[in-house]
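Work through the exercises below with the sequence and the 3D structure at hand. Each task is followed by a solution in steps.

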Amino acid sequence: MFYIFHGEDTHTQKEKLNELKEKLGDPAMLDLNTTRLTGKGLTLGQLQDACNAVPFLAPKRLVIVENLLSEKLDKKYLDGLTAYLTAVPDSTRLFFMEAKKLTTKHRLLKLADEPRPDGKKGKLGYVRLFERPQGGQLDRWISQRTTEFGGRINPRAANLLSISVGNDLALLDQEIQKLVMYKGLAESPEPITADDVQLLSPYAAEANVFDLVDALGNRNGRRAAELLQKKLDEGEEPFLLFSMFVRQFRLLLQTKELVEQGLKAPAVAQELRVHSFVAGKLVQQSHSFSLAQMEQIYGHLLEIDVRVKTGQTDMITALNLLVFALAT
């Protein structure tokens, strides 16, 4: 039998695969009978050899193929693969793990829906689409995940995590586990609050800087000043805030150049090696400033660094003057 797991939520794909693996017998023996293959450059013969191998001291063999079906496969390859998938040995479980959503017209998705040729009950294959949750669905996913880890979370805190981290579920898992451990495991633990998220998650702090830059881009000096003062009142180190400003405008300057070259958010994320959520915000904010403006701002930031280090001003004053100058 073959399985097709496709879609951007590769985190849940792997979890589901692990659940199914637990049902296939002794984990140690299953590891000995597991073959992982990369789709790019994989020949049909290599795939068949892996699937046809007899399990060693175990009832089942597991073959995992990553990102083959999203490749541009020629008709001859697809014809051969289609024919072979009707004859995969009963002792083999073949998984196609695809990090992209396949079109509903994909030939193998249709094949999976056909009845088994041996007359036994059931379909030839199993298909499941894994899409990342969005909006309120993501907030609910965070709340449910927190419960699974033995904690509780307030709706506002869940929403802050969803806004600041985005729908990278593997990254969210790390942040949730960290917050649950911070609150302590108990029969009825204190719920995680938005303040806890602000304290422990670097992505929440980064989201605050995005809000501040949004206010500057909209020339909303009052809002920008309020956000800056809020961070200072919360005890944020002024030099840390300044370093976040420098990083943000350096990334914005790089993003602006990439956007003017025609790149979209996914390509920007890859080029700058930043999280997809961050890339999306950078592309959005880059439209609020011209390239000349950002070059001027970045130059101003370097001047502030020199003035503070040489004792000509203090960082808090410099930050306030910076916000005032950028918002007017």
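**Exercise 1.** State how many salt bridges the structure holds, and find what Glu15 pairs with.

Solution. The structure holds 14 salt bridges, a salt bridge being a side-chain nitrogen of Lys or Arg within 4 Å of a carboxyl oxygen of Asp or Glu. The model is predicted, local features need pLDDT of at least 70 and side-chain atom pairs count only at pLDDT 80 or more, while totals for chains, interfaces and linings use all residues. Residues are numbered from 1 along each chain as its sequence is written, and side-chain values use heavy atoms, with hydrogens and water left out.

Step 1: Glu15 forms a salt bridge with Arg145, with 2.1 Å between the closest N and O atoms. Step 2: Glu15 lies in helix α1 (residues 10-22) and Arg145 in helix α6 (residues 135-148), so this pair ties together parts 130 residues apart in sequence. Helices (H or I, at least four residues) and strands (E, at least two) are DSSP runs, numbered from the N terminus. Step 3: a network of salt bridges links Glu15, Arg145, Glu148 and Asp173.

**Exercise 2.** Classify Glu15 and Arg145 as buried, partly exposed or exposed.

Solution. Step 1: the classes are buried under 20% relative accessible area, exposed over 50%, and partly exposed in between (1.4 Å probe, protein chains only). Step 2: Glu15 has 26% relative accessibility, so Glu15 is partly exposed. Step 3: Arg145 has a relative accessible area of 11% and is therefore buried.

**Exercise 3.** Locate the salt bridge of Glu131 and Lys101, and classify both residues.

Solution. Step 1: the side chains of Glu131 and Lys101 meet at 3.7 Å, N to O. Step 2: Glu131 is in the loop between β5 (125-129) and α6, Lys101 in the loop between β4 (92-98) and α5 (107-112), and the two are 30 residues apart. Step 3: Glu131 is exposed at 52% relative accessibility, and Lys101 is exposed at 53%.

**Exercise 4.** Describe the salt bridge between Glu175 and Lys178.

Solution. Step 1: the N to O distance is 3.3 Å. Step 2: both residues lie in helix α8 (residues 169-183), three residues apart, about one turn of the helix. Step 3: Glu175 is buried, with a relative accessible area of 5%, whereas Lys178 is partly exposed at 33%.

**Exercise 5.** In which loop is Phe56 found?

Solution. Phe56 is in the loop between α3 (44-52) and β3 (61-66).
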